[in-house]
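Have a look at it first, then come back for the details.

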Amino acid sequence: LIGPASGGLEGYFHGALWYYLLTIPFILSGGHPISGTWFMAIMSTISVLCVFFILRRIMNIYAAILGVLFLGFAEFSVATTKFIWNPYPIVWLMPFYFLGIFLISKRSPWGIFLISAVQGLVLHFEVVYGLGILPAYLIILAVYLQQESKVTQKLKHVLIALVLLCIPMIPSLAFDVRHQFLISKSLIKTM
């Protein structure tokens with residue numbers, strides 16, 4: 001249900017989804033130990049390509065090329081191609097978070113759904129980082145709620161968004177309930 005301690009903090013844990021994802025390249029490679037590194041390199045490359053297409057849609061081709069250069073050669077981005085650590089998928093997910101913000105600015109409900117799914121995955125992969133961006137998510141959700149005009153539509157969208165946020169957290173919540181709310185108690189102590 002959970003991975004190792006998150007950020008070296010007692011009571012915070014990485015989610016287990018990352019380890020399940022790593023089994024895919026492991027099985028496809030017949031158990032070859034380099035499979036994790038290849039998976040990381042492929043996913044990092046895909047994320048750079050996603051940045052290109054997202055920035056081209058949001059802005060223009062020049063911004064897309066500049067974004068690809070910045071992300072492709074940034075030290076943290078290069079590190080995501082080498083090591084199979086839990087927090088690294090967050091780097092791959094952030095372009096979709098920004099796409100969600102763009103979609104919200106265009107009054108599309110898909111934006112809040114996308115941001116909610118990304119926020120849930122970030123909380124799952126690295127709870128400490130996820131808690132750090134949670135206030136931004138809540139502000140974005142509040143802004144979104146002010147944009148919509150129909151109350152029933154607002155409630156429907158918020159409900160779907162919250163379900164998308166919670167789905168990646170189900171294993172951690174199950175662990176928390178099973179182990180006398182270890183994660184919740186740590187969270188309360190931190191506050």
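Start with a side-chain pair: the side chains of Ser44 and Trp92 make a polar contact, at 3.1 Å. Keep in mind that this is a predicted model.

**Two buried serines**

- Ser44 sits in helix H2, which covers residues 35–58.
- Ser44 has a relative accessibility of 3%, so it counts as buried, the cut-off for that being under 20%.
- Which residues does Ser44 touch, once its neighbours within four places in sequence are set aside? They are Ser77, Thr80, Thr81 and Trp92, and with the side chain of Trp92 the side chain of Ser44 makes that 3.1 Å polar contact.
- Ser172 belongs to helix H9 (residues 170–178) and is buried too, with a relative accessible area of 7%.
- Ser172 and Phe13 lie 159 residues apart in sequence, yet their C-alpha atoms are 8.1 Å apart in space.

**H5 against H6**

- Helix H5 (residues 88–105) and helix H6 (residues 109–125) have axes that come within 7 Å and cross at roughly 155 degrees.
- Angles over 145 degrees count as roughly antiparallel, so that is the label for H5 and H6.
- The crossing of H5 and H6 is left-handed.
- On the H5 side, the contact includes Pro89, Leu93, Phe96 and Tyr97; on the H6 side, it includes Trp110, Ile112, Val118 and Phe125.
- By class, the residues in this H5–H6 contact are 17 nonpolar, three polar and no charged.

**H5 against H7**

- How do H5 and H7 run, parallel or antiparallel? The axes of H5 and helix H7 (residues 127–147) cross at roughly 15 degrees and come within 11 Å, and the two helices are therefore roughly parallel.
- H5 and H7 also make a left-handed crossing.
- From H5, the residues that meet H7 are Ile90, Met94, Tyr97, Ile101, Ile104 and Ser105.
- Their partners in H7 are Tyr129, Ile133, Ala136, Tyr137, Ile140, Tyr144 and Gln147.
- That contact of H5 with H7 holds eleven nonpolar residues, two polar ones and no charged ones.

**H6 against H7**

- The axes of H6 and H7 come within 8 Å, crossing at roughly 165 degrees, which makes H6 roughly antiparallel to H7.
- The crossing here is left-handed.
- Among the H6 residues that meet H7 are Pro109, Ser116, Gln119 and Leu123, and H7 residues in the contact include Val127, Gly130, Leu134 and Leu141.
- Sorting the residues of the H6–H7 contact by class gives 15 nonpolar, three polar and no charged.

- Most residues other than glycine have a negative phi, so the next two are worth a look.
- Arg107 is not a glycine, but its phi is positive, at about 65 degrees.
- You'll find Arg107 in the loop between H5 and H6; with 51% relative accessibility, it counts as exposed.
- Gln180 likewise has a positive phi, near 55 degrees, without being a glycine.
- Where is Gln180 found? It's in the loop between H9 and helix H10 (182–190).
- Is Gln180 buried or exposed? Its relative accessibility is 55%, so it counts as exposed.

Key:
Residues numbered from 1 in each chain as written. Predicted model: local features only at pLDDT ≥ 70, side-chain atom pairs only at ≥ 80, totals over all residues. Heavy atoms only, no water. Axes fitted to C-alpha atoms, helices over the stretch in contact; angles between N-to-C directions. Helix = DSSP H or I, 4+ residues; strand = E, 2+ residues; numbered from the N terminus. Parallel < 35°, antiparallel > 145°, perpendicular 65-115°, else oblique. Left-handed = near helix turned anticlockwise from the far one by under 90°. Contact = heavy atoms within 4.5 Å. Nonpolar A, V, L, I, M, F, W, Y, C, P; charged D, E, K, R; others polar. Buried < 20%, exposed > 50% of the residue type's maximum accessible area, 1.4 Å probe, protein only. Polar contact = N/O pair within 3.5 Å; in protein donor to acceptor, adjacent residues only side chain to side chain.
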